[in-house]
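Subject: Structure for you to look over

Hello,

Here is the structure I promised to pass on. Please open it first, then read my notes below.

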Amino acid sequence: MQFLLLARLAHAHGPLTMTQPADGVVYSRSGLTYQASLLKRPASSPAAPAPTTTCTTLATS
């Protein structure tokens with residue numbers, strides 16, 4: 001799942017909401033946010049709160 005998330009982010013033209021990649025892989029937003037948080041632990045940081053609202057998490061590569 002993490003590889004699919006990274007691949008989707010690598011081909012995106014800017015940040016994605018967690019809904020966008022979750023819909024693409026038929027995964028829940030919360031499940032995908034959890035997967036992204038696991039990726040944050042090493043050197044990468046693919047998920048961050050959206051600057052416009054605290055209800056949205058943006059994912060970037």
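**Confidence first**

The chain averages a pLDDT of 74, and 74% of the residues score at least 70. This is a predicted model. Strand 1 (residues 16-17) has the highest mean pLDDT among the elements, at 84. Strand 2 (residues 47-49) has the lowest, at 64. Where pLDDT is low, the predicted coordinates should not be read in detail.

**Overall layout**

The chain has three helices and three strands. Along the sequence they follow the pattern α-β-α-α-β-β. There are 61 residues, and 26% of them are buried. The chain exposes about 4,000 Å². Carbon and sulfur atoms supply 59% of that area. I also looked at contacts between residues at least 6 apart in sequence. Of these, 44% join residues at least 24 apart.

**The core**

Which residues form the largest nonpolar core? There are nine: Leu5, Leu9, Leu16, Met18, Ala22, Leu32, Ala36, Leu39 and Ala59. Helix 1 and helix 3 (29-40) are the elements that give two or more residues to this core. Helix 3 provides the largest share, three residues. As background, nonpolar side chains tend to be buried together in soluble globular proteins.

Met1, Phe3 and Leu4 form a nonpolar patch on the surface. Together they have about 330 Å² of accessible area.

Phe3 sits in helix 1. Is Phe3 buried or exposed? Phe3 has a relative accessible area of 67%, so it counts as exposed, the cut-off being over 50%. Leu4 is also in helix 1, which spans residues 2-10. At a relative accessible area of 44%, Leu4 is partly exposed, because that value falls between the 20% and 50% limits.

Two pairs link this end of the chain to later residues. Phe3 and Leu39 are 36 residues apart in sequence, yet their C-alpha atoms are 9.8 Å apart in space. Leu39 is one of the core residues. Gln2 and Ser37 are 35 residues apart in sequence and 10.0 Å apart, C-alpha to C-alpha.

**Helix 3**

Ser37 belongs to helix 3. Its relative accessibility is 31%, so Ser37 counts as partly exposed.

Arg29 is in helix 3 too. Arg29 is exposed, because its relative accessible area of 52% is over the 50% cut-off. What does Arg29 contact, leaving aside its neighbours within four places in sequence? The partners are Met18, Thr19 and Ala22. Met18 and Ala22 are also among the core residues. Arg29 and Met18 are eleven residues apart along the chain, with their C-alpha atoms separated by 5.6 Å.

Ala50 lies in the loop between strand 2 and strand 3 (57-59). Its relative accessible area is 10%. That is under the 20% cut-off, so Ala50 is buried. Not counting residues up to four places away in sequence, Ala50 touches Thr56, Thr57 and Leu58.

**In short**

Then turn to the surface patch of Met1, Phe3 and Leu4. Keep the mean pLDDT of 64 in mind when you reach strand 2.

Best wishes

Terms used. Residues numbered from 1 in each chain as written. Predicted model: local features only at pLDDT ≥ 70, side-chain atom pairs only at ≥ 80, totals over all residues. Heavy atoms only, no water. Patch = residues over 30% accessible without salt bridge, like charges linked within 9 Å, V, L, I, M, F, W, Y side chains within 5 Å. Areas by Shrake-Rupley, 256 points an atom, 1.4 Å probe, with all protein chains shown as cover. Salt bridge = Lys/Arg side-chain N within 4 Å of Asp/Glu carboxyl O. Helix = DSSP H or I, 4+ residues; strand = E, 2+ residues; numbered from the N terminus. Buried < 20%, exposed > 50% of the residue type's maximum accessible area, 1.4 Å probe, protein only. Core = buried A, V, L, I, M, F, W, Y, C linked by side-chain atoms within 4.5 Å. Contact = heavy atoms within 4.5 Å. pLDDT = per-residue confidence, 0-100.
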